[in-house]
Amino acid sequence: MKKISILLGIIALTTINSCAERVIVNREVESKNDGKMLLGTQTLDQFQKEPFKTWFDEEYNRYQIDQSSLAELKKEKLNSYSLVVFVGSWCEDSHREFPRLIKILETLKYNTEKMQIIAVNRKKESPAGEEGLYNITLVPTIIVKKYGKEIGRITEMPETGYLERDLLNILKKDNNSGLFK
């Protein structure tokens, strides 16, 4: 009886270990057309490596934040929201908007631990398939979430021309929605 229990324990542990998914962070792949490309879950420090650093730093340093929108964003408590950001390291819109977003978030002292960055290929696919969960068709896509629920998104480029204004509009809409319930 003791041997059967031990055998069942070993089988159970083997099954659990084989079902555990290994998440690869900061995956880089080589592409014929695009050279080095990011794919899947990324950390911010990955964008401080070449060839990504060049375009990231250039736009980050060039972008002038709209200070009045920034002040309002602080009041609307952006830090109480989480973000999911889909980017293409091959995509010009991502090259423009992603560094701008990071500059805004850093200026607001946003806790970037609450932000998930997912890089996709030209087909807008990631290794773990997150794009399907969020119905991603264009990049960049910035999804604003509260308590795990999507409350708004910015797709490809901000409607107002400024990410901080679009983020503010999403937060104001969410914060005012409680008044009419």
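**View 1. E97 and R96, side by side in a salt bridge.** In this predicted model, the side chains of E97 and R96 meet with N and O 2.5 Å apart; a salt bridge here is a side-chain nitrogen of Lys or Arg within 4 Å of a carboxyl oxygen of Asp or Glu. E97 has a relative accessible area of 3%, so it counts as buried (buried is under 20%, exposed over 50%, partly exposed in between, with a 1.4 Å probe and protein chains only). Residues are numbered from 1 along each chain as its sequence is written, and side-chain values use heavy atoms, with hydrogens and water left out. Since the model is predicted, local features need pLDDT of at least 70 and side-chain atom pairs count only at pLDDT 80 or more, while totals for chains, interfaces and linings use all residues.

**View 2. R165 reaches D66.** The closest N and O atoms of this salt bridge are 3.2 Å apart. It ties together distant parts of the chain, 99 residues apart: R165 belongs to helix α6 (residues 163–177), and D66 to the loop between α2 (52–62) and α3 (67–75). Helices (H or I, at least four residues) and strands (E, at least two) are DSSP runs numbered from the N terminus. D66 is buried at 14% relative accessibility, whereas R165, at 31%, is partly exposed.

**View 3. Helix α6 and what covers it.** α6 has 15 residues and spans 21 Å from first C-alpha to last, close to the 21 Å expected (1.5 Å times one less than the number of residues). Its buried residues include L163, L167, L168, I170 and L171, and also the acidic E164, D166 and D174. Among the elements covering them are α3, α4 (92–107), β5 (141–146) and β6 (149–155), where contact means heavy atoms within 4.5 Å.

**View 4. The open sheet.** Six strands line up as β1-β2-β4-β3-β5-β6, with mixed pairing; two strands pair if DSSP finds at least two bridges between them. β1 (27–31) and β6 are the edges, each pairing on one side only. From one strand to the next, the twist averages 25 degrees. In the parallel pair β3 (82–87) and β4 (115–119), there are 5 bridges, and V87 partners A119. α4 lies across β3, β4 and β5, at about 160 degrees to β3 (axes are lines fitted to C-alpha atoms, for helices over the stretch in contact, with angles from 0 to 180 degrees between N-to-C directions).
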